[in-house]
Structure formats: structure tokens, C-alpha cells
Amino acid sequence: MESASSRFLKKNIAAVMTVVAFASLLIVWEAVARFTNAKMFLPPASEILWKFFESFTVPIGRHTMLVHIGVSLYRVGVAFFFATIAGIALGVSMGYSKTVEAIIKPIFEFIRPIPPLAWIPMSILWFGLGDQSKFFIIFLGCFCFITVNTYDGTKNVDSVLLGAARMLGASERQVFFRVVLPSSIPYIFAGLQIAITAGWSAVVGAEMVRSDEGVGWLIVMGMTNGNTVQIMVGMLAIGIVGYVLATAMAKLEGRLCIWNQQQGL
């Protein structure tokens with residue numbers, strides 16, 4: 001008879017393998033940092049973890065880690081909100097209208113390869129040194145992913161559905177809201193998942209622009225002061241929060257687009 005432990009392992013094999021993989025990485029990291037010359041530039045994992053958890057009670061700079069994360073999440077949240085609205089609007093417009101596509105798509109494709117960090121000098125010139133420049137950089141990090149995925153979703157709507165809707169007398173407004181937009185939702189959510197993590201990654205570059213708080217600031221100041229531990233504490237915070245954001249977005253898609261998952265069964 002199968003034991004309870006065997007059933008647990010079979011049911012949670014992915015989670016168990018993830019824990020084992022991370023534990024193995026930490027053990028190897030600790031051993032390398034402790035017993036080789038790598039300790040000159042690679043702090044032990046135990047020191048990083050200790051400093052990370054300590055930062056929730058002992059401030060780094062003016063704030064504790066929770067405040068730094070909250071400030072960065074606020075900046076990403078504002079930029080992501082406006083990037084979502086603009087990206088969906090532009091992506092749908094280009095995908096649905098050949099005229100808009102012909103006018104806007106070449107300009108968009110020209111701007112898209114430019115990384116958000118390249119815009120830092122212009123963002124300072126246009127928006128100053130406040131949060132507006134940070135919003136702009138993070139916005140760019142999110143916007144292109146949302147636009148491209150929305151555009152692809154709109155272009156890939158089943159032509160049979162479009163033809164059937166028009167044949168049955170649906171107006172262009174009805175075709176758009178009842179066929180085109182619902183069919184694009186899975187693509188839009190795919191873009192949102194990529195965009196939220198891209199925006200969170202861009203926060204490091206955004207907070208290079210005269211900031212004294214945020215997880216990106218932790219890394220920048222650690223680099224300025226030669227504090228490797230602080231740099232890796234900031235990297236750890238970014239990695240954990242980024243994973244949580246991506247997971248939350250995937251869960252949201254699963255709840256809102258359950259019909260799409262059922263179609264794939």
C-alpha cells in the first residue's frame with residue numbers, strides 16, 4: 001500500500017524539486033564563498049539572507065526593506081497602469097485598423113528596440129529628477145510588451161468568426177467588442193505577465209535618477225559604496241517580488257480567462 005509520504009511527494013513533486021534546487025544552490029554558494037578565493041567578491045549566502053531579513057527591522061538608508069519595496073511597487077504600479085491602457089489601445093488599433101497599422105507600426109517598430117535605460121537622459125530633460133522621470137522609464141519597460149502582444153492577439157482573431165458575425169448582421173462595433181476583444185484577451189494577459197516583470201526590472205534603472213529610496217536605490221548605492229552585500233540584498237528583493245508579481249498575474253489570468261483554459265483541454 002502506498003504510504004502517505006509517497007502520495008505527498010507525487011502530488012507536490014514540482015514544489016519539492018524547486019525547494020531541493022534552491023537548497024542545493026545555497027549550499028554550493030555558501031561553500032564556494034567560505035572556502036575559496038571567491039569570498040573576495042562573492043559574499044556567503046548566509047550573510048546575504050541574514051542581512052535581507054535584518055533589513056525589515058534595521059533601516060538601510062532612511063527606510064526599512066518593506067518601505068523600499070513599497071516605494072518601488074508604487075512607481076511600477078503607476079507606470080504599469082498607464083502602460084496597460086496605452087498598450088492595449090495602441091495594440092488593438094494597429095491590429096484592427098489597417099490605416100492605423102500603416103501609420104503607427106513603422107514608428108513603433110523603430111522605437112521598440114531602444115532599451116528603457118537609453119531614455120534616462122531624455123527623461124531627466126523632459127520630466128526632471130522627480131518621480132515623473134521614473135514613471136516614464138518604467139512605462140517604456142512595460143508598454144512595448146503589452147502593445148506587441150495585444151497587436152498579435154487582434155491580428156490572429158479567427159477570420160471565420162469575423163465573417164460569421166458580419167454575415168449575421170453584426171455591426172463593426174459589435175464585431176469589435178464581442179469577437180475581436182474577447183479573442184485577444186489571452187494574448188493581452190500574456191503581454192501583461194511579461195510587462196509586469198519587465199517593469200519591475202526597469203525600476204533599477206529608473207531609480208538611478210536621483211533617488212534615495214526603493215530597491216533599485218539599494219543596488220545603486222551598494223555599487224557606489226562598494227557594498228556587495230547590499231547589492232545582493234537588493235537583487236534578492238527584486239527577484240522575490242518579481243516572482244510574486246508574475247505568479248499573481250498568472251493566477252489572475254487563470255481566474256478571468258478560465259474559459260480559455262477549458263478550450264485547451
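Among contacts in the protein chain between residues at least 6 apart in sequence, what share joins residues at least 24 apart? The figure is 68%. Keep in mind that this is a predicted model. The protein chain has 12 helices and 0 strands, and 38% of its 265 residues count as buried.

**Surface**

**Helix H7**
- H7 covers residues 131-155, and its 25 residues should span 36 Å at 1.5 Å a residue; the end C-alpha atoms sit 36 Å apart, so the two figures agree.
- There's still a kink in H7, about 25°, centred on leucine 140.
- Since 18 of the 25 residues of H7 are buried, this helix is largely enclosed by the rest of the structure.

**The largest nonpolar core**
- This core has 41 residues, and the ones touching the most other members are Met65, Phe80 and Val215.
- Helices H3 (45-54), H4 (65-96), H7, H9 (172-206), H10 (215-225) and H11 (228-256) each give it two or more residues.
- H9 supplies the largest share, with 9 residues.
- Leaving out residues up to four places away in sequence, phenylalanine 80 touches Cys142, Ile146, Leu192, Ala195, Ile196 and Met249.

**A separate core**
- As a general background point, nonpolar side chains tend to be buried together in soluble globular proteins.

Notes. Residues are numbered from 1 along each chain as its sequence is written. This is a predicted model: local features need pLDDT of at least 70, side-chain atom pairs count only at pLDDT 80 or more; totals for chains, interfaces and linings use all residues. Side-chain values use heavy atoms; hydrogens and water are left out. Helices (H or I, at least four residues) and strands (E, at least two) are DSSP runs, numbered from the N terminus. Buried means under 20% relative accessible area, exposed over 50%, partly exposed in between (1.4 Å probe, protein chains only). Contact means heavy atoms within 4.5 Å. The expected span of a helix is 1.5 Å times one less than its number of residues. The bend at a residue is the angle between axes fitted to the seven residues ending there and the seven starting there. A nonpolar core is a set of buried Ala, Val, Leu, Ile, Met, Phe, Trp, Tyr and Cys residues joined through side-chain atoms within 4.5 Å.
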